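Dear colleague,

I am handing over the structure below, and after it you will find what I could say about it. Please read the notes with the model open beside them.

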2 protein chains.
Amino acid sequence: MSRTPDLIDEAHSQSQTKDRILDAAEHLFSQHGFVATSLRQITTEARVNLAAVNYHFQSKESLILAVLMRKIAPINRHRLELLDQLESGGQPLVLEEVLHAFFAPLFDARRAGVSISNFPKLLGRAYTEPGDWMQRVFPEAFAQIAARFSAAMRSALGGVDMTELMWGMHFAIGSMAHFTAAGSLLTFISGGKADPEDFDGALDRLVRYTASGLRALTMKKEVAR
Amino acid sequence: MSRTPDLIDEAHSQSQTKDRILDAAEHLFSQHGFVATSLRQITTEARVNLAAVNYHFQSKESLILAVLMRKIAPINRHRLELLDQLESGGQPLVLEEVLHAFFAPLFDARRAGVSISNFPKLLGRAYTEPGDWMQRVFPEAFAQIAARFSAAMRSALGGVDMTELMWGMHFAIGSMAHFTAAGSLLTFISGGKADPEDFDGALDRLVRYTASGLRALTMKKEVAR
DNA sequence: GTTCGACTCATACGTTTGTTTGAAGCATAC
DNA sequence: GTATGCTTCAAACAAACGTATGAGTCGAAC
């Protein structure tokens with residue numbers, strides 16, 4: 001037995017420490033927010049030396065960005081894939097399908113994360129946390145998404161006023177973010193009857209709700225109350 | 001002139017320091033969040049001694065609660081007033097009117113604050129900030145609101161399934177919170193065309209959007225996709 | 001066997017955090 | 001005037017923060 005393979009973990013161990021830090025940071029950030037989570041908490045949970053954070057990432061801020069991008073990038077890629085798929089069908093776009101393409105990847109992230117964890121909350125936090133850095137990065141990460149999907153929605157709705165559509169998208173993003181970030185509030189106001197862990201049901205409802213709201217908002221109608 | 005009235009400020013001066021702290025804290029919390037704002041920043045902006053915070057309030061956490069409650073209480077009171085007004089009319093409730101009663105006080109808060117400030121953002125933060133304390137307090141502050149308004153909405157919609165209505169309320173709260181907390185994102189995705197400072201327009205759109213979404217969600221329809 | 005690069009480690013640095021202390025101010029009541 | 005209660009003040013506290021340092025470990029290259 002010259003080289004007992006040691007099947008247990010650390011398969012290729014490509015900087016296993018770096019990933020452990022990212023995983024722990026993601027978990028803690030989603031629970032306590034970015035500012036309230038210390039590097040010591042992260043390195044303790046990751047069972048890694050404190051200095052490893054500043055070695056692999058240069059600063060805490062860079063760590064935050066790395067954690068976010070690791071989750072946002074594949075979700076947005078998935079969104080664009082689904083939209084491409086819809087648009088290549090040759091048939092006219094259906095609003096519900098476009099919205100599904102926009103929302104579904106976020107919910108799928110649960111399953112894509114294999115074992116871990118509760119990162120939808122992480123993305124929810126990203127919207128409202130103190131950060132000035134957030135407003136520097138989100139545009140970059142979401143500019144393409146916003147442009148592609150707003151165009152698709154406009155097409156599905158039949159060439160409506162773009163400004164009204166933007167208001168609707170903003171409301172829709174709010175519903176989505178609030179659901180992912182504060183699902184426990186749903187449990188509370190419903191007295192436990194509505195289950196925020198029911199992702200399939202949530203996605204279905206969010207699509208129906210949003211589609212109807214968008215149609216109402218972009219309907220040709222007098223502005224006067 | 002035995003008692004020159006000194007019309008200038010500090011009318012009854014009932015602990016003027018306490019209010020200065022609350023005002024400064026409210027302002028800074030809304031801009032940088034609760035955890036990222038230090039007591040020294042607050043006392044500096046309020047031009048008050050550092051120790052005054054722990055004298056008038058016992059801790060930073062109590063300060064946060066005091067700041068929140070000072071804003072939430074009158075808003076919720078206003079909400080209930082408007083709802084009472086609707087229900088005492090004797091006529092059947094209209095969904096749009098109920099939603100207006102729910103949303104309007106938040107937007108009015110701008111004007112009610114006389115001179116100050118941007119506190120809608122403050123409330124927006126409260127939803128997603130780290131706090132475990134938040135989940136201890138919000139139920140207390142919003143239990144009555146949730147009960148009264150969900151009943152009114154159910155009445156306006158004609159006795160629909162309560163669980164579905166709760167999902168809708170949750171989405172609605174998300175739209176509202178996201179708008180108040182992250183209005184700048186609207187400016188971004190719309191390329192500057194939609195103005196988040198247009199509160200009248202925003203309220204109108206939010207009511208229309210939400211009413212339509214709620215109706216779609218609570219419509220009797222097969223659950224199967 | 002030595003050298004070299006990548007990585008981990010214990011430890012310390014300088015700040016900043018929330019909170020506490022004890023003296024000083026300053027009205028009102030006796 | 002002296003005493004009393006509430007408030008403000010400068011200064012200090014221990015603790016926790018993000019970051020930096022230099023020695024030490026390990027494996028592959030030569």
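Around DNA strand D there are 16 residues, of which Ser38(A), Ser59(A), Thr17(B), Asn49(B) and Ala51(B) come nearest, where a residue counts as near a strand if its C-beta atom, placed from the backbone, lies within 6 Å of it. This is a predicted model, in which local features need pLDDT of at least 70 and side-chain atom pairs count only at pLDDT 80 or more, while totals for chains, interfaces and linings use all residues. Residues are numbered from 1 along each chain as its sequence is written, and chains are lettered from A and ligands numbered from 1 in the order in which they are written.

Two or more residues each are given to the surface near DNA strand D by helix H2 (39-45) and helix H3 (51-56) of chain A and by helix H3 (51-56) of chain B, and H3(B) supplies the largest share, 3 residues. Helices here are DSSP runs of H or I with at least four residues, numbered from the N terminus.

Turning to the two copies, chain A can be laid on chain B with an RMSD of 0.1 Å by a turn of 180° and a shift of 0.0 Å along the axis, superposed by least squares on the C-alpha atoms of residues with pLDDT of at least 70 in both. That is the relation of a two-fold axis. The same surface serves both copies, since 100% of the contact residues of chain A recur in chain B, two residues being in contact if their C-beta atoms, placed from the backbone, lie within 7 Å.

Within chain B, Leu22(B), Ala25(B), Glu26(B) and Phe29(B) of H1(B) meet Leu63(B), Ala66(B), Val67(B) and Arg70(B) of H4(B).

With best regards
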